[in-house]
Amino acid sequence: MEEKIIKAIQDEYPDEFAWCYGCGRLNDAGHHFRTGWEEDKTVTVYTPKPEHTALPGFVYGGLIASLIDCHGTGSASLALHRKNGFEPGEGEDPPRFVTAFLNVEFLKPTPHGVQLKAIGKVEEIHPKKFKVVAEVFANDSLCARGEVVAVVMPSSFLRK
């Protein structure tokens, strides 16, 4: 049975910030990654599509990197939103983050045809900068590990 994220932070992003290819709910061509809390860890689940193939039976590494990237920025948003006294679904716009650093370590080939689960731990390293360490599992097998440093999105990213 596939897991689902019920209250995802990406569902709360204002429309002008909901276009990311990885996690933007308004990007019809995107992956629509959704990140939520599972106790004190963050979780994103995703089932790769047939086109996310590297070799028959295995997931393309770029998808895994995208999953870790968006999981990291979503996790940072969750953490700062909670620090500010809010949870997804409470009607408050969460902070939006962008990636300052991404490192992905591929530990073993990731099988295609199963749901992937990214589990993250968030560490605040500055009031506007968070480090997220994420592990990606296929079934119960650890396939990739990554680190994301996410920063609060600069105001210069806003359209004028």
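Me: Which strands does helix α1 lie across, and at about what angle does it run to β5?
Reply: In this predicted model, α1 covers residues 61-83 and lies across β1, β2, β5, β6, β7 and β8. Its direction is at about 135° to β5.

Me: How do I check the span of α1 against its number of residues?
Reply: Count 1.5 Å a residue: the 23 residues of α1 should then span 33 Å. The end C-alpha atoms of α1 are 33 Å apart, so the two values agree. Just after α1 you will find Gly85, with a positive phi of about 95°.

Me: Is α1 largely enclosed or largely open, and why?
Reply: Look at how many residues are buried, which here means under 20% relative accessible area. For α1 that is 17 of the 23 residues, so the rest of the structure largely encloses this helix.

Me: Now the sheet, please. What holds strands together in a sheet?
Reply: Strands pair through backbone hydrogen bonds, in a parallel or an antiparallel way. Here six strands form an open sheet in the order β1-β2-β6-β7-β8-β5, and the pairing is antiparallel. At the edges stand β1 (35-38) and β5 (97-106); each has a single partner strand, so one side of each lacks a neighbour in the sheet. From one strand to the next, the twist averages 30°.

Me: How many bridges join β6 and β7?
Reply: Strand β6 (residues 116-126) pairs with β7 (residues 129-138) over 10 bridges, in the antiparallel sense. As one example to find on screen, Val122 stands opposite Val132 in β7.

Me: Is Thr42 buried or exposed, and what does its side chain contact?
Reply: Thr42 lies in strand β2. Its relative accessible area is 0%, so Thr42 is buried. Its side chain makes a polar contact with the side chain of His71, at 3.0 Å. Thr42 also touches several other residues, including Trp37, Leu78 and Val122.

Me: How many salt bridges are there, and where can I start?
Reply: The structure holds nine. Start with Lys117 and Glu3, whose side chains meet at 3.0 Å, N to O. This pair links distant parts of the chain, 114 residues apart: Lys117 is in strand β6 and Glu3 is in the segment before β1. Lys117 is buried at 16% relative accessible area, while Glu3 counts as partly exposed at 34%.

Notes. Residues numbered from 1 in each chain as written. Predicted model: local features only at pLDDT ≥ 70, side-chain atom pairs only at ≥ 80, totals over all residues. Heavy atoms only, no water. Pairing = 2+ DSSP bridges. Helix = DSSP H or I, 4+ residues; strand = E, 2+ residues; numbered from the N terminus. Axes fitted to C-alpha atoms, helices over the stretch in contact; angles between N-to-C directions. Contact = heavy atoms within 4.5 Å. Expected span 1.5 Å × (residues − 1). Buried < 20%, exposed > 50% of the residue type's maximum accessible area, 1.4 Å probe, protein only. Polar contact = N/O pair within 3.5 Å; in protein donor to acceptor, adjacent residues only side chain to side chain. Salt bridge = Lys/Arg side-chain N within 4 Å of Asp/Glu carboxyl O. Lists of a residue's contacts leave out its neighbours within four places in sequence.
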